Amino acid sequence: MRWSVGIEAEGDRAVSREEVVELADAVAASGGIASGIGSKRYGATLMVQAGSRDEAVDKATEEFTRAVAAAGLPAGPIVRVEAVGEHEAVDGSG
């Protein structure tokens, strides 16, 4: 099952546009997007294949940690994780 996992970490300084672009490049292979320009918090939303929410969070956290290192961002504590499975997504058909 596909999961969309949002992860946010908090550093000790504001993150530059260039750093977020590097993070975006690092998560692109996982269908990811990055955020955090001008904020102490930076994050990404990643798409992963997993059999459970816990497995999805573990896989996405591993990928996020790798991407943060590749982007040269300071490793800050993860302060938010949210996972939504494709079966939980709202399709808007009401």
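I will start with the chain as a whole and then turn to one helix.

What we have here is a predicted model, in which local features need pLDDT of at least 70 and side-chain atom pairs count only at pLDDT 80 or more, while totals for chains, interfaces and linings use all residues. Residues are numbered from 1 along each chain as its sequence is written, and side-chain values use heavy atoms, with hydrogens and water left out.

The protein chain contains two helices and four strands, where helices (H or I, at least four residues) and strands (E, at least two) are DSSP runs numbered from the N terminus. Along the sequence these elements follow the pattern β-α-β-β-α-β.

Now to helix H2, residues 53–71, whose 19 residues reach 26 Å from the first C-alpha to the last, close to the 27 Å expected at 1.5 Å a residue; that expected span is 1.5 Å times one less than the number of residues.

Which residues of H2 are buried? They are Ala56, Ala60, Glu63, Phe64, Ala67, Val68 and Ala71, and they lie on the same side of H2 because they cover an arc of only 140° around the axis, taken from the directions from the helix axis to the C-beta atoms. Buried here means under 20% relative accessible area, exposed over 50%, and partly exposed in between, with a 1.4 Å probe and protein chains only. In general, an α-helix has 3.6 residues a turn, so residues three or four places apart point the same way.

The face of H2 turned away from its buried side carries the exposed residues Asp54, Asp58, Glu62 and Ala69. Finally, just after H2, Gly72 takes a positive phi of about 75°.
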